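Subject: Structure handover

Hello,

Here is the structure we spoke about, with my notes below it. Please read them alongside the coordinates.

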Amino acid sequence: MGTKKAAARKKSWKELPPAARTGTIVIGAAQLAFLAAAQRDLSRRPDEQIRGSKMFWRLATLVNFIGPGCYFAFGRKRLPAVTGK
């Protein structure tokens, strides 16, 4: 029984096909943009409009995609709709 070490070996950046490199860069940039948007919103939003502490949400947003998504979905309190009447 031979092991498949060659197949299980991780590829270096140079060994990846161009499409995989491009995809990695795009996903990384999207993650950073999502993180920056959440952190910026936390900085500008008053404490009263956030569920829980800002420090908790700042740390939670560091979890890739899930953290910022949870902050935008559950961490912000919904403000009452403003009517123009």
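Leu-62 counts as exposed because its relative accessibility is 53%, where exposed means over 50% relative accessible area, buried under 20% and partly exposed in between (1.4 Å probe, protein chains only). This is a predicted model, in which local features need pLDDT of at least 70 and side-chain atom pairs count only at pLDDT 80 or more, while totals for chains, interfaces and linings use all residues. Residues are numbered from 1 along each chain as its sequence is written, and side-chain values use heavy atoms, with hydrogens and water left out.

Leu-62 sits in the loop between helix 3 and helix 4; helices are DSSP runs of H or I with at least four residues, numbered from the N terminus. Together with Met-55 and Leu-59, Leu-62 makes up a nonpolar surface patch with about 340 Å² of accessible area. Areas are from the Shrake-Rupley method with a 1.4 Å probe; for residues, only the protein chains shown count as cover.

Thr-61 lies in the loop between helix 3 and helix 4 (66-75) and counts as buried because its relative accessibility is 0%. Leaving aside neighbours within four places in sequence, its contacts (heavy atoms within 4.5 Å) include Leu-35, Gln-39, Pro-68 and Tyr-71.

Tyr-71 also belongs to the largest nonpolar core, with Ala-38, Leu-42, Ile-50, Trp-57 and Ala-60. A core here is a set of buried Ala, Val, Leu, Ile, Met, Phe, Trp, Tyr and Cys residues joined through side-chain atoms within 4.5 Å. Helix 2 (18-44) and helix 3 (54-60) each contribute at least two of its residues.

There are five aromatic pairs, meaning Phe, Tyr or Trp rings (the six-membered one for Trp) with centres within 6.5 Å; planes under 30 degrees apart are stacked, over 60 edge-to-face, the rest tilted. Phe-34 and Phe-65 are tilted, because their planes stand at 40 degrees, with centres 6.4 Å apart. Phe-34 is in helix 2 and Phe-65 in the loop between helix 3 and helix 4, so this pair ties together parts 31 residues apart in sequence. Phe-34 is partly exposed at 28%, and Phe-65 is partly exposed at 36%. Phe-34 and Phe-72 are stacked, at 5.8 Å and 25 degrees.

Regards

How values were computed: Patch = residues over 30% accessible without salt bridge, like charges linked within 9 Å, V, L, I, M, F, W, Y side chains within 5 Å. Salt bridge = Lys/Arg side-chain N within 4 Å of Asp/Glu carboxyl O.
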